Structure formats: C-alpha cells, structure tokens
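Student: I'd like a close look at one part of this model, with the cut-offs spelled out as we go. Could you take me through it in one go?

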Amino acid sequence: MEYLRQILNQAPELALFLSLAIGYWVGSIPFGKFQLGGVAGSLLVAVVISQIGISIDNGIKSVLFALFIYAVGFESGPQFFRSLGRQSLREIVLAAVMALSGLLTVIACARLFGLDKGIAAGIAAGSMTQSAIIGTASAAIAKLDLPLEQIQTLQGNVAVGYAVTYIFGSFGAIILCVNVLPWFMRRSIRDDATQAEAELLAGAKVYGPGELPAIPPLVGRLYRIDQAAGQTVAQLEVSDQSDPQAALTIERIKRGGALVGVTPTTVLEAGDVVLVVGRRAGVVAIAGRLGAELQSSPDMDVVVVQRDVSLDNPTFVGRRVAEIRQAASQALRHGVYVVGVKRAGRPLALEPDTVIEAGDLVTLYGTPDDIQRVAQQVGSIIVPSDKTDFVFHGFGLAVGLLIGLVVIRLGAIPLTLGSGGGALIAGLVFGWYRSRHLTRGNLPLPASTLLRDLGLAGFVAVVGLQSGRQAVETIATQGLSIFLIGVMVCVLPIVITILVGRYVLRYRNLALFAGAVAGARSANPAFGEVLDKAGNSIPTVPFAVTYALANVFLTLLGPLVVAFA
C-alpha cells in the first residue's frame, strides 16, 4: 500500500485518470433502469482511491471546472436568450419556480438542522442533480474570510452532501415526473404526446442520422424533347415564378450529341436531351409537356451540392418568407432550392408568415456556382470544420474568469459568481454571439462534448481525491440525516413546481408539462423516461427551453446557498 501511495503522490495525474476510467466503467453498470453515471462514478472511485492518502494540486480543479461550465454555457446560450420572450413565458416561470423553491428549501433545511455551508451546497447539488453547483459553491466558499483549513473542510463537505443525495435525486425526479405527475393530472403521457405532435411539428418530418425519404422532394430527370419543341427555356421554367413548390430548372441541353449553352432565350428543338432539376411537384407536372423520359445519357449529369448559408444580409432579416420570395429576383432564385431553415439548431417551418431572424441557417440545394452566387447576396456559406476557434474561446474564458473575481457585499455577506459562475455567464454570451455570427467562434460538437465530460468528471474526481478521507468520516456520522434531508430537497421543489404549473400556469398537456418539469430540474434520466412514455419527441420542445434555463438558474444556486445558508 505504501508503494502505491508513493507512486500516486509522485504522479497524482495517474490517480485522476484512474478515477475517470474506473468511474465511468462503474457508472455504466445498470441497476434496473438506473445507472450511476460517469460523474457520480468518478466521484465514488476517487473517494476510494483517496483513502491511500494522496495530494493533488488545487489549480487543476479550477481549470477543469472552468472548461466544463463554459462549454455548458456556450451550448445553452442561443436557446437561453431565445427563451427569454413572451412565447416561452410559462417555461421561464416554471424554471424560476423550481430554482427558487429549491434554494428556499435548502436554506430552510440548513438552518433547521444546523448544516454548514458545504453540506448544504452539496445537498443542493445532489438532490437537484445539478453537478455544476459543486463548482460554483466551492468557488464561493474559497472567497469566504475563513482560515484555509476551514475552507478546505467546507469544500470537502460539498462533495459529501452531493455523494449521499445524488442517487435519490435521480430516482426521485423519475418517480415524480413519470408516475406521480400522470396520477395527479389523470392523463396519459402517450395520449397527450400523440395529440400535441401535429400542432408542435406542424406536419414537418425531421429525419434522424442516416435516414432519407424514399420519395425525395428534389429530383433530376432526363427527357428527349418532343412536344416542347419550339419553346424557350424561360417558358418551361415559368413555374419557378408562380409556385415555389413546383419550381424547376433546365440545367443542361444536348443537341446532336454535343452540349449547348443554356440561357433563358435558348429555343429547344425536337430530339434535344435536357436535364431537368427541381422539386418533384414541378418535374412531375411538366413531364407530359416535354417528351419521353430517358434512363441515362452520356455527359448529361451535373454535380449538385447542399450547403448551409447564414442569413446575414439586413435586406432579409426581420422579413416574412412571403415578402422575401416576392422581393428576390428571378435571377437570384434561379437554380437554387431552399431545403430547410434552422434557428438555434432547430428546424423552422417555412410558412409564408415565418419571420427570418439574423443568424438563421438556410440549407440550399443547387450547383456549386449557383450556391456561391446566392451566398454572395444572402450571407456566408458555413463550411463544416473540426477546428476550434481558440482565439474566440480563449477570450471567452478570460472574460468569464474576470467576471468571477467580482465580489459584492451585502453587509457582511459576500456575493460572488466565482470562476464557475463567471465562466457560465461568458459562455452564454459568447454562445449567443456565435449563433448570430456563425463564421466566428467555431466549437465542434465532439470538442464541446469532451470539454463538458472531461471538465465535470475531472473536477469531481479531484474533489473526491482531495476530500475523500474526510467524506468517509462525515458519511459515517451524518450519512442518514443528510440522505433524509436530500429526499426533502428533491421532492418539495418538484411538488411546488407541479402545483404552480397546473393551477397558475395552466399546463394541460401532460407530455409538454412532464418535459418542462424534467428540464426545469435538469433531470436527464427523468426526461429519458418521459420520452420513452411519450413515444415521440414532443416533450423535447418544452424540455429544451427549461433545461437551458435550469443550467443557468440551478448552477447559480451554489453561491446563493453559500451566502445565505
């Protein structure tokens, strides 16, 4: 044992990565429908390893948590700021009620049962399954005017409260959202999800990875000209002006075995072979006016691409789709087809009254030259890249850490966001800015996922390695009482939120309500069970809003618990 202790103290990073590796393995073991998860698993293993007696630098903990919380803010930023509007008022109130009731419950329990600031913050983190509270609370504790030894004890107690209450925090949210809520509403999640599907998705079909429609909306066909002889290209393409759903383009013409130039005034002759590209409705409608369809013809194929373009031109921002179609010239629209529009990563229905906003991402289909021509007038082509904009994100983290240094005192009580809260605020703002200027601040999803997973699990593992021995002693003496208080902190805020949602906010659709409650509690396991009961993605809509808000509201509970507990 002494030999192992010497090795781990000589290379403490070895203990860190062992905690992560073994912790994620332990966290992947299923217990019925429940899994401990990689974060809680890493904490558990780190506490076990810490019994050997090792020391690890405190700076790595701050770095890892700053990376994690910045990535969370960056991902949530666009949805968070878009949620702050009248259209999401119910979700905003629901998330705020959950956070406020959770804060008041924790403070009341801390004063009633004489809990210190560390235990109280840990109970908040575990019972509300918001691991980020560990970091924001630890950073706030470090700002207290206390001896270093006492600060380290309180920070260790944060991990203790989290470890004891986390499991029921996950289970309790599942039971209340999936079992108690349907009983209370006297409705079925599956029935209400089916009822709401058509209203929320507006009939739009969203395809998953690897899925393609058997009848694609955009097609290319070859025809040998017969009936259309004597007509110009412009006459055949006239449907492009009259009906967007029947648009088509003649991309190539072959006459006597040789290609000829295609212009609006080109007159077609009998025997010409033409390549028609466009929306299926337009191609099917015109087929009878052209001639016989051909299977293939040499040199008649063209390369088409699908590209995402950011709508940056002020001419199009703030205008309805119908207005844009009328204002755009035929020359601009020719040969280019809109496949879809996304806002903050979510598909947007292309109805005539849909208003386009800055940063909306439009997917265009056409030849590379046509796409480039349109992009020069509309915005910027977004080329997928696996490179991270370190200049942008380096400044983002620096700004966040500077914000975290600010301390405001209410009498003798210091209020500070700490490095974690500051990095979260910076991540939100920089993520929002990125959504409006998609050519800057690239952070590929795999890179963001690595920052989140490694940052949080590594941070929690360092906490466990530093405070594991003390945690075992505290659990042995106070474990049961901490657990029971955690049950109260888990259940009471959800019950209050459900009552407010039902009788004040007037939620009637159970699928939407359950998704909103799960998101407001940042309860991913509960949301997974709600989705399973729903049988479709309907609960995702309110969940996305309340979850983005909860990532901010609940994370900021850490400094508030430390200040007022």
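Student: Is serine 101 buried or exposed?

Tutor: Happy to walk through it. This is a predicted model, in which local features need pLDDT of at least 70, side-chain atom pairs count only at pLDDT 80 or more, and totals for chains, interfaces and linings use all residues. Residues are numbered from 1 along each chain as its sequence is written, and side-chain values use heavy atoms, with hydrogens and water left out.

Serine 101 is buried, with a relative accessible area of 7%; buried means under 20% relative accessible area, exposed over 50%, and partly exposed in between, using a 1.4 Å probe and protein chains only. Serine 101 belongs to helix 5, residues 89–113. Helices here are DSSP runs of H or I with at least four residues, strands are runs of E with at least two, and both are numbered from the N terminus.

What surrounds serine 101? Setting aside neighbours within four places in sequence, serine 101 is in contact with Pro493, Ile496 and Thr497, where contact means heavy atoms within 4.5 Å. The C-alpha atoms of serine 101 and isoleucine 494 are 8.5 Å apart, although 393 residues separate the two along the chain. The side chain of serine 101 also reaches the backbone oxygen of methionine 98 at 3.1 Å. That is a polar contact: a pair of N or O atoms within 3.5 Å, where within protein one must be able to donate a hydrogen and the other to accept it, and residues adjacent in sequence count only if both atoms are side-chain atoms.

Alanine 426 lies in helix 17, residues 418–436, and counts as buried at 2% relative accessibility. Not counting residues up to four places away in sequence, alanine 426 touches Tyr70, Gly396 and Gly400. The C-alpha atoms of alanine 426 and leucine 402 are separated by 9.7 Å, with the two residues 24 apart along the chain.

Cysteine 177 is buried at 1% relative accessibility, and cysteine 490 is buried with a relative accessible area of 1%. The sulfur of cysteine 177 has its closest cysteine sulfur in cysteine 490, but at 9.2 Å that is too far for a bond. The structure holds zero disulfides, a disulfide being a pair of cysteine sulfur atoms within 2.5 Å.
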